[in-house]
Amino acid sequence: MRFGQCQRALQAAANDQRHDTLAVDEAFWERSIAINLKAYFFACQAVIPGMQAIGGGSIISFTSISYMLGKQVIPSM
């Protein structure tokens with residue numbers, strides 16, 4: 001490996017565009033999932049083998065607290 005083994009991974013990505021739940025179309029939904037979930041999964045997938053090889057590591061993923069705001073325009077509500 002060019003940079004050695006990964007011991008820690010910190011990732012943060014979010015698409016926090018606000019839309020009325022009833023106005024969300026499939027294209028917006030797919031783009032949001034790609035940014036908010038897919039990137040996290042594949043980043044973890046990329047670093048886990050190296051972490052396993054050295055006996056462990058840490059992956060810290062964080063995002064927005066928007067879901068806690070109780071807004072009706074957030075599609076996940």
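Reader: Among contacts in the protein between residues at least 6 apart in sequence, what share joins residues at least 24 apart?
Author: This is a predicted model, where local features need pLDDT of at least 70, side-chain atom pairs count only at pLDDT 80 or more, and totals for chains, interfaces and linings use all residues. Residues are numbered from 1 along each chain as its sequence is written, and side-chain values use heavy atoms, leaving out hydrogens and water. A contact here is a pair of residues with heavy atoms within 4.5 Å. Of the contacts between residues at least 6 apart, the share joining residues at least 24 apart is 67%.

Reader: Which pattern does the protein follow along the sequence?
Author: The protein has one helix and two strands, taken as DSSP runs numbered from the N terminus (helices H or I, at least four residues; strands E, at least two). Read along the sequence, they give the pattern β-α-β.

Reader: How far apart are the end C-alpha atoms of α1?
Author: Helix α1 covers residues 26-53, and its 28 residues should span 40 Å. That expectation is 1.5 Å times one less than the number of residues. The helix agrees with it, because its end C-alpha atoms are separated by 39 Å.

Reader: Where does α1 bend?
Author: The bend is the angle between axes fitted to the seven residues ending at a residue and the seven starting there. In α1 this angle reaches about 40 degrees at alanine 34.

Reader: Is alanine 53 buried or exposed?
Author: Alanine 53 belongs to helix α1, and its C-alpha atom lies 8.2 Å from that of glutamine 5, 48 residues away along the chain. Buried means under 20% relative accessible area, exposed over 50% and partly exposed in between (1.4 Å probe, protein chains only). Alanine 53 has a relative accessible area of 60%, so it counts as exposed.

Reader: Which residues in α1 are buried?
Author: Across the protein, buried residues make up 16% of the 77 residues. Those in α1 are Phe28, Ser32, Tyr40, Cys44, Val47, Gly50 and Met51.

Reader: What kind of pair do the rings of phenylalanine 41 and phenylalanine 42 form?
Author: The structure holds one aromatic pair, meaning Phe, Tyr or Trp rings (six-membered for Trp) with centres within 6.5 Å: stacked under 30 degrees, edge-to-face over 60, otherwise tilted. The ring centres of phenylalanine 41 and phenylalanine 42 are 5.0 Å apart and their planes stand at 85 degrees, so the pair is edge-to-face.
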